[in-house]
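Work through the exercises below with the sequence and the model open. Each task is followed by a solution in steps.

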Amino acid sequence: MSKSPITVSVTGAAGQIGYSLLFRIASGALFGPDQPVKLRLIEIPDEKAMNALKGVCMELDDCAFPLLHSITPTSDLNEGFSGTNWAILVGSVPRKAGMERKDLLSINGKIFTGQGQAIARNAASDVRVLVVGNPCNTNCLIAMNSAPEVPSNRWFAMTRLDENRAKSQLATKAGVLASSVSNLAIWGNHSATQYPDFFNARIDGKPATEVISDHDWLKGDFIKTVQQRGAAIIAARGLSSAASAANAACDTVRSVSQGTANGDWTSVAVCSDGSYGIEKGLIFSFPVRTSAQGWEIVQGVPVNEFSQAKIKATEDELKEERAAVRELGLIK
Ligand code: NAX
């Protein structure tokens, strides 16, 4: 008997990331080759954006994907999140010249408050939410706090792109394939303070610090390259990462819904339960182990003095962001 369709809602569906992501979802890359999907595609109520979305829907039609059961383009949040099992929140307002950080948090705060409330009102009872739109940790925090009916373990913010970037850097340095690198945790915020934890990473099962003897590189250029990779791509392409971001969103949803490999973990920002001394309630990226039954923060990962200082810096930044959105009245 064929499976009943999964409903996936995507905001910012006519944007760059949407243009890469939707075709992957519809082709079966997230939920498998026998899992039909229904797409609910959300854009802002603006003629240009809705027209662009119409074009994307036409292209989705033109792929004749066997698994794609329906497409609903909309600017109405209730319709967009109706019955959704996975909400992927990509759309957000980018920082423009002259805009203060506070302005950005305020504009996006309102968006994610409304989306959180609409998810709580309309989504399926098993809904899971992945926030991609930046600042993704804090946007996720706002949406989660606006939807107390949805359990806190259903909210995720994306740091998998950072994990993938870090794996690729280590693999290149070691002269191996990226698939040889495992146990790469990104700690903290999806920002320039994030900490790609090379101390616990493994290359072909061995500690990365044994395989790569250039520890100055690991402590210096490696971390900096991963932290600044988004900016480097903008400088090179004139546009921010899109295909790699969409790919990381696919990886995240797959890991969360299907499980991580034995002994490995993935990086995703989740609601802190106080593990590793991180303040409870922050949306913080940890090493996370998943299975079809759920997920857990991996316990007992060694954190040395070097790592502790980096983790504290990124936690402090997230606390500051939270204080700013509290001040704006966006969360309690
Ligand atoms: P684009 O500007 O190409 O597309 C964004 C789309 O979102 C636009 O079509 C816009 O109309 C729509 N939108 C804006 N507000 C909306 C709302 N309230 N409801 C529905 N749609 C809305 O940006 P794109 O390159 O696709 O990037 C999207 C977001 O991802 C940005 O915030 C970006 O910073 C963030 N990223 C996050 C990454 C991560 O690793 N977490 C990496 C890539 C990317 O930088």
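**Exercise 1: Ligand contacts**

An oxygen atom of the ligand lies 2.9 Å from a polar backbone atom of glutamine 16. The model is a predicted one.

Solution. 
Step 1. Apply the cut-off: a polar contact is a pair of N or O atoms within 3.5 Å.
Step 2. Look at the side chains.

**Exercise 2: The shell around the ligand**

Task: Determine which elements give two or more residues to the shell around the ligand, how many residues surround the ligand, and how these residues divide by class.

Solution. 
Step 1. The ligand is surrounded by 23 residues, and the closest are Gln16, Ile17, Glu43, Ser92 and Asn134.
Step 2. Sorted by class, the shell has 11 nonpolar residues, 11 polar residues and one charged residue.

**Exercise 3: The cavity**

Task: State how many cavities of 30 Å³ or more the structure holds, then describe the lining of the largest cavity.

Solution. 
Step 1. There is one cavity of 30 Å³ or more. The volume of the largest cavity is about 30 Å³.
Step 2. Its lining consists of Asn137, Thr138, Leu141, Leu282, Ile283, Leu318 and Arg322.
Step 3. Assign the lining to elements. Helix 5 (136-145) and helix 11 (305-327) each supply at least two residues. Helix 5 gives the largest share, with three residues.
Step 4. By class, four lining residues are nonpolar, two are polar and one is charged.

**Exercise 4: An aromatic pair**

Task: Give the number of aromatic pairs, then classify the pair of tryptophan 187 and phenylalanine 286.

Solution. 
Step 1. Ring centres must lie within 6.5 Å to pair. By this rule there are 13 aromatic pairs.
Step 2. The ring centres of tryptophan 187 and phenylalanine 286 are 6.2 Å apart and their planes stand at 70°, so this pair is edge-to-face.
Step 3. Tryptophan 187 belongs to strand 8 (residues 185-187) and phenylalanine 286 to strand 13 (residues 283-291), so the pair ties together parts 99 residues apart in sequence.

Terms used. Residues are numbered from 1 along each chain as its sequence is written. This is a predicted model: local features need pLDDT of at least 70, side-chain atom pairs count only at pLDDT 80 or more; totals for chains, interfaces and linings use all residues. Side-chain values use heavy atoms; hydrogens and water are left out. On a 1 Å grid over the protein atoms alone, a cavity is a set of points where a 1.4 Å probe fits but cannot get out, and a pocket is an open set with protein on both sides within 12 Å along at least five of seven lines; lining residues have an atom within 4 Å of a point. Grid points are joined across faces, edges and corners, and a volume is the space filled by probe spheres set on the points. Helices (H or I, at least four residues) and strands (E, at least two) are DSSP runs, numbered from the N terminus. Ala, Val, Leu, Ile, Met, Phe, Trp, Tyr, Cys and Pro count as nonpolar, Asp, Glu, Lys and Arg as charged, and the others, Gly among them, as polar. A residue is near a molecule or strand if one of its heavy atoms lies within 4 Å of it. A polar contact is a pair of N or O atoms within 3.5 Å; within protein, one must be able to donate a hydrogen and the other to accept it, and residues adjacent in sequence count only if both atoms are side-chain atoms. Rings of Phe, Tyr and Trp (its six-membered ring) pair if their centres lie within 6.5 Å; planes under 30 degrees apart count as stacked, over 60 as edge-to-face and the rest as tilted.
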